[in-house]
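Here is a short report on one protein model. Look over the sequence and the structure first, then read on.

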Amino acid sequence: MTDETFKLSQEEHRTTMERIADAATRLHDIDVNQRYGADLPYSFHLRSVAEWAMRYAHEVLATVDDLLPVYFGAWFHDSIEDARLTYNDVHERAGQFMNPTQALMAVEIVYALTNDKGRTRSERAGEQYYAGIRNTPYAPLIKLADRVANMSFSLRTEDTDNANYKTRMVDIYRSEMSHFIQAITGDGTDSRCCLPPDMVQYILSL
């Protein structure tokens with residue numbers, strides 16, 4: 001899809017996209033009172049993920065009909081894991097903004113990005129988890145956008161809160177990068193499960 005076509009589609013669906021963002025913001029910031037970093041509302045992170053996804057989505061988007069599911073997936077990607085919603089809850093919410101086919105795609109993205117149960121980072125994100133991501137259309141895109149958002153936040157020089165923790169996380173992200181990229185990349189049979197090449201190059205530069 002061309003960048004121009006993608007931008008036109010965003011403009012066409014701007015009102016719905018704003019409603020999706022508002023719904024996710026209320027869920028995480030008000031209903032759950034979730035925070036990001038030392039004192040930021042969690043919507044700060046969700047907005048960042050959505051912005052990174054929208055910056056590169058045109059490289060993998062198969063059709064303009066997939067825009068809303070991808071945007072919803074970016075904003076709601078943590079809603080099962082962190083906001084106590086069930087699969088059916090997310091499916092119902094997605095249906096408020098898009099048709100049934102799109103809503104199913106949206107909830108599958110969110111489900112694929114929900115960590116497994118585990119005591120450690122490696123248990124929560126094991127092979128089954130990564131297999132679910134790379135086999136779910138657009139889940140690799142949103143997972144990479146999530147990682148770019150987290151790394152970018154940790155690298156912010158103007159924000160010194162929890163500096164040691166942020167430095168440690170950047171080191172972890174960089175050490176995982178080769179395995180991470182490989183683990184979330186589809187086998188190439190479905191372009192929707194591929195990663196945007198420019199986005200991969202960007203995160204490798206961080």
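At 32% relative accessibility, D3 counts as partly exposed. Here buried means under 20% relative accessible area, exposed over 50%, and partly exposed in between, with a 1.4 Å probe and protein chains only. This is a predicted model: local features need pLDDT of at least 70, side-chain atom pairs count only at pLDDT 80 or more, and totals for chains, interfaces and linings use all residues. Residues are numbered from 1 along each chain as its sequence is written, and side-chain values use heavy atoms, with hydrogens and water left out.

T2 sits in the segment before helix 1. Helices (H or I, at least four residues) and strands (E, at least two) are DSSP runs, numbered from the N terminus. T2 is partly exposed, at 46% relative accessible area. Its C-alpha lies 6.4 Å from that of H58, although T2 and H58 are 56 residues apart in sequence.

## Salt bridges

How many salt bridges does the structure hold? There are five. The rule asks for a side-chain nitrogen of Lys or Arg within 4 Å of a carboxyl oxygen of Asp or Glu. D3 is partly exposed, while K7 is exposed at 52%.

E11 forms a salt bridge with R14. Their closest N and O atoms are 3.1 Å apart. Both ends are partly exposed: E11 has 49% relative accessibility, and R14 has 35%. A further salt bridge joins the side chains of R134 and E127, at 2.3 Å from N to O.

## Cysteines

A disulfide is a covalent bond between the sulfur atoms of two cysteines. The rule used here is a pair of cysteine sulfur atoms within 2.5 Å. By this rule the count is zero. C193 is in no disulfide, and its nearest cysteine sulfur, that of C194, is 7.2 Å away. C194 is likewise in no disulfide; the sulfur of C193 is its nearest, at 7.2 Å.

Are these two cysteines buried or partly exposed? C193 is buried, with a relative accessible area of 6%. C194 is partly exposed, at 22%.

## The largest pocket

Rolling a probe the size of a water molecule over the atoms shows where empty space is left. The largest pocket holds about 840 Å³ of space. The search runs on a 1 Å grid over the protein atoms alone; a pocket is an open set of points with protein on both sides within 12 Å along at least five of seven lines, where a 1.4 Å probe fits, and lining residues have an atom within 4 Å of a point. Grid points are joined across faces, edges and corners, and the volume is the space filled by probe spheres set on the points.

The lining has 32 residues. Closest to the centre of the pocket are R121, D146, N150, M169 and Y173. By type, the lining divides into 12 nonpolar, 10 polar and 10 charged residues. Ala, Val, Leu, Ile, Met, Phe, Trp, Tyr, Cys and Pro count as nonpolar, Asp, Glu, Lys and Arg as charged, and the others, Gly among them, as polar. Which helix gives the most to the lining? Helix 11 does, with seven residues. The helices that each supply at least two lining residues are helix 5 (79-82), helix 8 (121-124), helix 9 (127-134), helix 10 (139-154) and helix 11 (163-184).

Helix 10 has 16 residues. From first C-alpha to last it reaches 23 Å, close to the 22 Å expected at 1.5 Å a residue. The expected span is 1.5 Å times one less than the number of residues.

A103 lies in helix 7 (residues 100-112). A103 is buried, with a relative accessible area of 2%. A103 and D66 are 37 residues apart in sequence, and their C-alpha atoms are 10.0 Å apart.

## Positive phi in loops

N33 is not a glycine, yet its phi is positive, about 55 degrees. N33 is in the loop between helix 2 (14-31) and strand 1 (35-36).

R84 also has a positive phi, near 65 degrees, in a residue other than glycine. R84 lies in the loop between helix 5 and helix 6 (87-94). R84 is exposed, with a relative accessible area of 64%.
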